[in-house]
Each structure stands twice: as C-alpha cells, then as structure tokens.
Amino acid sequence: MFQKVLIANRGEIAVRIIRACRELGIETVAVYSEADRQALHVRYADQAYLLGPAPSRDSYLRGEKIIEIAHKSGASAIHPGYGFLAERADFAQACIDEGLAFIGPKPSSIAAMGDKAVARATVSSAGVPVVPGTEGQGSLGDDDLLALAPQVGFPLLIKASAGGGGKGMREVRSMEEMPGLIHSARREAEAAFGDGNVYLEKLVEAARHIEIQVLADQLGDTIYLGERECSLQRRHQKLLEESPSPFIDDDEDLRSRMGQVAVRAAQSVGYLNAGTIEFLVDKDKNFYFLEMNTRLQVEHPVTEMVTGVDIVKEQIRIARGRPMRYTQDHIHLNGWAIECRINAEDPYNDFLPSTGQITHILMPTGPGVRIDTGVYPGFEISPYYDSLISKVIVWGETRAEAILRMRRALEEYKLVGVRTNIPFHQNLMDSFRFFGGQFDTRFIEERFSMEPATNSRAYNPEVAAILATLVAHRQTRLAANIVQRGARDTSNWKWLGRWERLQR
Ligand code: MV4
C-alpha cells in the first residue's frame with residue numbers, strides 16, 4: 001500500500017498521474033525545474049520540490065536527487081510517466097534498492113526490451129512474428145553484416161540495436177550501398193546512444209504502425225486493451241492516434257490474434273504493469289513485432305476512451321500488488337476515439353518549434369471531448385522540453401462522428417502567443433485519404449502537404465491584422481445579433497423577452 005506517490009515528470013502527463021492519485025486518495029509529490037516553478041503539475045500536487053536548473057540533465061534526469069526527495073517527503077512509490085527516466089532500467093533498479101516502488105515494469109524487462117536486437121531475439125523464441133532479418137546472432141561486425149545482407153534481401157533496413165525513434169536507421173536498396181550506409185548508421189547510433197551496434201531487417205513497404213496496449217499484474221494475469229493506429233507521424237513524431245485502427249476496425253479475428261501475440265511478447269520478458277507492443281502491419285495484414293515501449297504512452301487516452309479502463313489507476317493498483325479490475329472478457333471496444341497532439345510548432349515553416357508566452361488560451365470542452373494539458377493562460381512555453389501543449393481527445397459512436405467532433409473541437413480551440421500545429425490537424429480532418437482511412441507511415445511526409453494559407457510572398461502582417469480585427473468584429477456582431485434600423489428583428493434574446501412577458 002502507498003499513501004504518497006512522487007511523480008518524476010512534468011507537463012500534461014504529471015498532471016494526468018496526479019489526477020489518478022487524487023481519485024484514489026493518494027497524496028502526491030511533484031518535482032520541478034527552475035523553468036517549471038509556475039507549472040500546473042506543481043500547483044496540483046500536495047507538495048513540490050525543486051530539482052535544479054531547466055536543462056533536463058540538471059533536473060528531471062537527476063535520478064539520485066529524485067530518490068532523495070522521495071525519502072524526504074515520505075513518498076513510498078515513484079511514477080516515472082513517459083520520457084526522462086521512464087525507460088532507464090538502472091533508475092528502476094535504484095528505486096527498488098532504496099525501498100521505493102517503481103510504478104512500471106521490472107528493470108530486467110526494461111533492459112531486455114531496450115536493446116532492440118535482444119528484444120527481437122527474445123520475442124521471436126516465444127513464437128512472436130518478427131520481420132525477417134538478423135537476430136540472435138549477438139553483435140555483428142561489418143563483415144558479418146555484408147555476408148548476411150543477401151540472405152535478408154533488398155530492400156532492407158539497417159537499424160540501431162539501442163534504437164528507437166528511427167535514429168541510426170538506413171534504407172538500403174543494393175549491396176553497393178551497404179558499406180557506406182553501415183558506416184553512417186553506426187556513427188549516428190554511436191552519437192545518439194553511445195552504442196554503434198546495428199542489425200538488419202527486410203524492409204516492409206506501405207506498412208502501418210499499429211500498437212497494442214497491454215497490462216500485466218503481479219498475480220500472473222496479462223490482458224490486452226485493443227489497438228491504436230499510430231501511422232500518422234512526421235519524422236518519427238506521432239501527430240494523431242486513434243482507436244480502433246480503421247485498418248483493423250471490424251476484423252475481430254486479426255485484433256484477437258494481434259492481442260494474443262502482444263500478450264505472449266510481454267510474457268516472454270516476465271512483463272509487469274502497463275506496456276505497449278508496436279507492430280508493423282503490411283497491406284496483406286501480416287503483422288510483425290517492431291519493439292516494446294516499457295512505459296505509459298502519450299496516446300494512452302484513446303484506449304481509455306474506448307475501453308473505459310483508467311490505465312494510470314490500473315498501473316498503481318498493479319504496483320500495489322492488487323489484481324487488475326478487469327479480465328480479458330471485460331474488455332470491449334466501444335465507439336471510436338481520436339487524439340490530436342497540439343504542439344507549439346509552425347506547420348507552415350517546417351514544423352519549427354515555437355516558444356514564448358501563451359497570452360490567451362481557450363480550449364474546447366463539451367460532449368465527448370477530453371483535454372489533457374499542463375498549460376494555462378500566461379504559461380511560458382520554453383525551449384527546454386518537448387513542444388506538446390495539449391492533447392485533444394474526442395470520442396464518438398463511430399469514426400465519422402469522432403472526426404466531426406474533432407473538427408468542432410479544433411475550431412473552438414483559440415490560442416494566442418505561440419504558433420501551433422492546429423492548422424495541420426484541421427487540414428488532416430479535411431483530407432479524403434484520412435477520412436477513408438487510407439494512409440500508411442509515409443502518408444504525412446510523402447503525400448500530405450501544408451499549402452501556405454496565401455501567397456506567402458504577398459503576406460503582409462498589417463493586412464492580416466486588419467482582416468483579423470474585421471473577422472473578430474463580425475463574430476461579435478453576429479453573437480449579439482445587432483438589428484439594423486428598419487431590418488426585421490431576429491434576436492433570440494428579444495424573442496425570449498417577449499415570450500417571458502406573455503407568460504406573466
Ligand atoms: C521498419 C519499417 C519498415 N520495415 N522496419 C521506424 C522507427 C522504428 N521504431 C521502426 N521504424 C520502421 N521500421 C521494417 N522492417 C518502417 C519503419 C518506419 C516507421 C515505423 C512506424 C511508424 C512510422 C515509421 C516511419 C518510417 C519508417
């Protein structure tokens with residue numbers, strides 16, 4: 001049992017975790033950097049401790065300091081959220097060694113899945129399909145890679161063992177390209193992860209990225225909570241996720257086969273708590289294990305909306321040694337959920353990050369809309385962390401209703417002070433291919449373009465300001481429904497007044 005949980009994170013996910021704790025009657029301890037003194041997670045927590053200067057390595061990555069704060073504050077568990085220390089096996093181990101519960105998987109599972117080549121070999125021996133390639137051969141030298149390449153076949157991918165996020169990944173079309181691309185992949189992997197090991201995989205073309213959420217408790221139960229469609233990404237950054245996947249939709253057979261395989265992959269490393277199995281699904285609906293994320297994910301809310309399961313509360317229950325509240329038979333997907341990640345970046349300028357103060361913000365609400373955020377009016381978007389401002393998550397009975405609701409929500413969203421990718425999401429909601437569910441992992445980068453709103457050379461900020469003023473003025477007039485002299489009065493308020501007088 002724990003009475004108090006320390007949240008080793010910031011932003012929307014720290015707020016999300018604090019909310020779950022509140023509802024469970026658990027006290028919360030926030031940690032924050034100098035840039036986050038005014039952050040929402042600091043305001044919402046029962047206690048908050050300063051970690052240090054803004055850069056992550058001086059604050060949110062200081063594992064020892066965080067453990068020390070846990071002891072000082074009387075917290076008995078640490079929730080790592082996503083990013084920062086969430087997938088550091090050494091941090092999870094340090095928590096356990098210090099007598100603190102780590103709300104997540106065992107360090108050994110994090111380590112096994114952290115090395116992509118080891119993960120492939122491990123799940124493959126458990127009968128999980130992986131893309132044909134090199135596996136279970138330990139670390140490979142350049143000569144091994146060159147010798148194995150023809151067996152794998154072209155086109156192929158060189159991937160970094162320490163991997164993730166497409167870093168150190170190279171597409172190879174022929175033997176001639178191999179030596180040069182092995183070299184550059186190793187160099188990039190070495191720079192990013194301090195580990196230059198690489199392996200080979202056959203390239204799966206026109207693939208979709210579909211992932212399965214799993215939960216596993218200490219009593220030996222492992223369940224899957226349906227899938228999330230995550231193919232809409234740009235440079236390996238997800239922009240929109242949905243559940244179910246339009247590619248699987250009513251193919252219950254495919255869904256349960258993928259779910260059962262995901263459970264088997266998790267069990268192959270003795271997995272505990274929440275995790276996600278990523279699959280590549282080709283156009284013939286063959287699916288292959290890609291990697292496992294051993295943490296709570298940004299896009300977990302779409303699964304919560306269609307299953308009704310509060311994943312963070314389940315994580316806490318599991319870490320306490322309690323049984324999950326659900327067995328597989330309880331899990332049914334109801335309706336459709338879509339999440340748009342609203343980022344502080346300029347979609348008209350190569351998605352360049354945008355920083356500064358959010359001077360005004362009005363977020364959508366109403367039926368079927370959930371907003372997860374860590375910002376508020378006056379909040380300063382700093383360059384130190386990711387650019388996520390909020391997640392707009394909508395639920396609808398059908399995919400069409402969810403899309404129409406997302407359009408409505410994005411229209412309601414008003415934000416002044418930083419540039420956002422809201423126009424990108426609005427364009428996407430108008431795309432026939434998106435509406436038809438016809439997209440793969442290359443759609444955004446290869447087939448979807450953001451046309452500048454106007455001829456950008458003729459762009460004139462003064463004209464833009466005048467137009468904006470006129471539009472705002474017109475909206476106010478329409479809202480008040482000002483009646484012109486001699487015009488017929490259609491004001492609802494006047495109509496209501498007359499009706500009320502008649503009732504007296
Ligand atoms: C692949 C692939 C095609 N074939 N592996 C990209 C990041 C890393 N996690 C795995 N990635 C891919 N692996 C094989 N054998 C295509 C991708 C890929 C991708 C995967 C998921 C989501 C978006 C992607 C965008 C480009 C490439």
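## Salt bridges and a domain contact

Author: Starting point, in this predicted model: Arg257 is partly exposed, at 39% relative accessibility.

Reader: What does Arg257 form a salt bridge with?

Author: Asp253. The closest N and O atoms are 3.2 Å apart. Asp253 is partly exposed, with a relative accessible area of 47%.

Reader: How are Arg257 and Asp253 placed in helix H9?

Author: They sit four residues apart in helix H9 (residues 252–267), so about one helical turn separates them.

Reader: And Asp430, which side chain does that meet in a salt bridge?

Author: Arg407, at 3.2 Å from N to O. This pair links distant parts of the chain, 23 residues apart. Asp430 is in the loop between helix H13 (422–429) and H14, while Arg407 is in helix H12 (residues 399–412).

Reader: Asp430 and Arg407: what accessibility?

Author: Asp430 has 47% relative accessibility and counts as partly exposed. Arg407 is partly exposed too, at 32%.

Reader: How many salt bridges does the count come to?

Author: The count is 36.

Reader: Switching to domains. What does the assignment give?

Author: Domain 1 covers 4–103, domain 2 covers 132–202 and domain 3 covers 208–451.

Reader: How far apart are the C-alpha centres of domain 2 and domain 3?

Author: They lie 29 Å apart. Eight residues from domain 2 and five residues from domain 3 take part in the contact.

Reader: What area is buried between domain 2 and domain 3?

Author: About 380 Å², with carbon and sulfur atoms giving 48% of that.

Reader: How many salt bridges across that interface of domain 2 and domain 3?

Author: One. Arg442 pairs with Glu171, and their closest N and O atoms are 3.0 Å apart. The domain 2 side that touches domain 3 has two nonpolar, three polar and three charged residues.

Reader: New topic. Where does Glu201 lie?

Author: In strand S8 (residues 198–202).

Reader: Is Glu201 buried or exposed?

Author: Buried. Its relative accessible area is 1%, and the cut-off is under 20%.

Reader: Which side chain makes a polar contact with the side chain of Glu201?

Author: That of Lys159, at 3.0 Å. Glu201 also touches other residues, including Arg120, Val131, Leu156 and Leu290.

Definitions and conventions: Residues numbered from 1 in each chain as written. Predicted model: local features only at pLDDT ≥ 70, side-chain atom pairs only at ≥ 80, totals over all residues. Heavy atoms only, no water. Domains from an automatic or database assignment. Contact = heavy atoms within 4.5 Å. Buried area = accessible area lost by both parts, 1.4 Å probe. Salt bridge = Lys/Arg side-chain N within 4 Å of Asp/Glu carboxyl O. Nonpolar A, V, L, I, M, F, W, Y, C, P; charged D, E, K, R; others polar. Helix = DSSP H or I, 4+ residues; strand = E, 2+ residues; numbered from the N terminus. Buried < 20%, exposed > 50% of the residue type's maximum accessible area, 1.4 Å probe, protein only. Polar contact = N/O pair within 3.5 Å; in protein donor to acceptor, adjacent residues only side chain to side chain. Lists of a residue's contacts leave out its neighbours within four places in sequence.
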